[in-house]
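Here is a walk through one structure, from its metal site to its helices and strands. Please look at the sequence and the coordinates before reading on.

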Amino acid sequence: MRPASLSYAGFEEPHFLEACHLCSKSLGHNSDIFMYRGNTPFCSQECRQEQIGIDEARERRCRRVSKKSTSEIKKSSTIQSETLVVA
Ligand SMILES: [Zn+2]
């Protein structure tokens, strides 16, 4: 029940900001941090761009896999074009 432990609890640093997500370079308080998707830190624009490329490639792969269920996508796109015609 020490008051010191209370103030220590309030001194929580987010651990995910400690290092670059891509190259694991430690991110100091004085260095630039490039955020991506809200909570992913990078040491440089290059690292972030690299991760964006990785994510995009992954998403493209996912989309190709989920193409098996095209019927739903086709339905919604038909609805969209119909709405366009009406408007
Ligand atoms: Zn980096």
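Helices (H or I, at least four residues) and strands (E, at least two) are DSSP runs, numbered from the N terminus. This is a predicted model, in which local features need pLDDT of at least 70 and side-chain atom pairs count only at pLDDT 80 or more, while totals for chains, interfaces and linings use all residues. Residues are numbered from 1 along each chain as its sequence is written, and side-chain values use heavy atoms, with hydrogens and water left out.

Ile52 is found in helix 2. Ile52 is buried, at 18% relative accessibility; buried means under 20% relative accessible area, exposed over 50%, and partly exposed in between (1.4 Å probe, protein chains only). Ile52 and Arg37 are 15 residues apart along the chain, and 9.5 Å separates their C-alpha atoms.

The SG atoms of Cys20, Cys23, Cys43 and Cys47 coordinate the zinc ion at 2.3 Å. Donors are N, O and S atoms within 2.8 Å of the metal (3.2 Å for Na, K and Ca); water is not among the atoms, so sites may look incomplete. The spacing of the donor residues in sequence is C-x2-C-x19-C-x3-C. Cys23 lies in the loop between helix 1 (3-9) and strand 1 (34-36), and Cys43 in the loop between strand 2 (40-42) and helix 2 (45-65), so the pair ties together parts that are 20 residues apart in sequence. Cys23 is partly exposed, with a relative accessible area of 41%, whereas Cys43 is buried, at 14%.

The arrangement around the zinc ion is tetrahedral because the 4 donor atoms subtend angles of 106 to 116 degrees; four donors count as tetrahedral if all angles lie between 85 and 135 degrees.

Conventions:
Four donors count as tetrahedral if all angles lie between 85 and 135 degrees; four count as square planar and six as octahedral if opposite donors are over 155 degrees apart and all others between 65 and 115; anything else is irregular.
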